[in-house]
Amino acid sequence: MLFRSASLLALCLMAGTAWAQGGKTLRFVVGYPPGGSGDFVTRTVGEAIAGELGVTPIIDNRPGAAGNLATEVVIKSNDGATLLVASNPYINKALYKKLNYDVDKDLTPITLLGNGPMVIAVNSASPYKTLAELLRDAKSKPGTLSYSTVGPATTQHIAGEAFKRAAGTDFTYAAFTGGALAANAVSGGHVTMVLTNLNEVAGLLDSGKLRPLAVTTRERLDVLPQVPTVIEQGYKDYETVAWFALAAPAGTPAEVVQKIADDLQATLMDPEVKLKLTGAGLYPNYLGPKALSAHIQQEYERYSRIIDEARIKLD
């Protein structure tokens, strides 16, 4: 059993009238497309919660506008049974001149669900066998090589801009609505390089259609032990991962938020859940409400500097 009966009480309290009146669904609004890392994390955790409650999980994918669409849906919800899974809304105040919400006032962070390591990869038929070879060519022909991510203005896009600055070179940016689409553009020979979450490119790596040049984590990944980190290849300050946070609309009682977080801590470390996530190239990484709030602020400060330097701004 992934969730103890105490967690049922907490979730029912949060659900308020939805459960009091016999509600049968729990809705997760996801700021990512189906099949991506955020979607997979949500389905894994959502199915565990819903299965324990005996209700039906609704995974409501609302990609686009850097997570703003999903965020607004959750903030405007009043059924007591709608949660948000996203990370971008927390840095969007550095990206957008105007937002229809105040993320600090309108959302309540609950817990970090996990991290998604990113991979830099090229077409297996390309001449680039190492990151150094790719960057050497990019520096000799500024702007002629390209890179793709889900985007624009996503964690991956910002990570790509940070990489360009760390490497002291330039790539033409190509935005796609999903990480898998960004990877397919490289395997199809339309874009030089992709920077995307591991699970969104794993199939193309396994099939030999893409060649991994680096991972963006501080240490090598167990699932790709032969692939060096960006840090190993001479860029000591470059480390970035995608992260996925669970949040509720503002006004959710603090004791309910903490109870959900406490039970999720045990759930994320459950061997079955952990195996399912790590098998998809995702890593459980629990942070409770206070620690998550501190993490969000730290990430906002880091990403906002990159956004300003790269002049990434959206209307």
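In this predicted model, helix 7 (residues 155-167) and helix 12 (residues 289-310) have axes that come within 10 Å of each other. The two axes cross at roughly 65 degrees. Helix 7 is therefore roughly perpendicular to helix 12. The crossing of helix 7 past helix 12 is left-handed. Two packed helices are described by the angle between their axes and by the distance between those axes. On the side of helix 7, the contact is made by Thr155, Ile158, Glu161, Ala162 and Arg165. Helix 12 contributes Tyr303, Ile306, Ile307, Glu309 and Ala310. Sorted by class, the contact of helix 7 with helix 12 has 6 nonpolar residues, 1 polar residue and 3 charged residues.

Ile307 lies in helix 12. The residue has 0% relative accessibility and so counts as buried. Ile307 and Ile158 are 149 residues apart in sequence. In space, their C-alpha atoms are 6.9 Å apart. Ile158 is also one of the residues that Ile307 touches, once neighbours within four places in sequence are left aside.

Arg311 is not a glycine, yet has a positive phi of about 55 degrees. With a relative accessible area of 75%, Arg311 is exposed.

Ala66 provides a second case of positive phi. The phi of Ala66 is near 55 degrees, and the residue is again other than glycine. Ala66 sits in the loop between strand 2 (56-61) and helix 4 (68-76). The relative accessible area of Ala66 is 9%, so the residue is buried. Arg311, by contrast, is exposed.

Helix 6 (residues 131-140) has a buried side. Its buried residues are Leu131, Leu134, Leu135, Asp137 and Ala138. Seen down the axis of helix 6, these residues fall within an arc of 160 degrees, so they line one face of the helix. An α-helix has 3.6 residues a turn, so residues three or four places apart point the same way. Arg136 and Ser140 are exposed on the other side of helix 6. The cover over the buried residues of helix 6 includes strand 4 (107-123) and helix 7. Strand 7 (193-197) and strand 8 (210-215) are also among the covering elements.

The peptide bond from Gly151 to Pro152 is cis. Its omega is near 5 degrees. Pro152 belongs to the loop between strand 5 (146-150) and helix 7.

Glu272 gives a further pair of distances. Glu272 is part of helix 11 (residues 271-279). The residue is exposed, with a relative accessible area of 61%. Glu272 and Tyr286 are 14 residues apart in sequence. Their C-alpha atoms are 16 Å apart in space.

Note on methods: Residues numbered from 1 in each chain as written. Predicted model: local features only at pLDDT ≥ 70, side-chain atom pairs only at ≥ 80, totals over all residues. Heavy atoms only, no water. Axes fitted to C-alpha atoms, helices over the stretch in contact; angles between N-to-C directions. Helix = DSSP H or I, 4+ residues; strand = E, 2+ residues; numbered from the N terminus. Parallel < 35°, antiparallel > 145°, perpendicular 65-115°, else oblique. Left-handed = near helix turned anticlockwise from the far one by under 90°. Contact = heavy atoms within 4.5 Å. Nonpolar A, V, L, I, M, F, W, Y, C, P; charged D, E, K, R; others polar. Buried < 20%, exposed > 50% of the residue type's maximum accessible area, 1.4 Å probe, protein only. Arc of directions from axis to C-beta.
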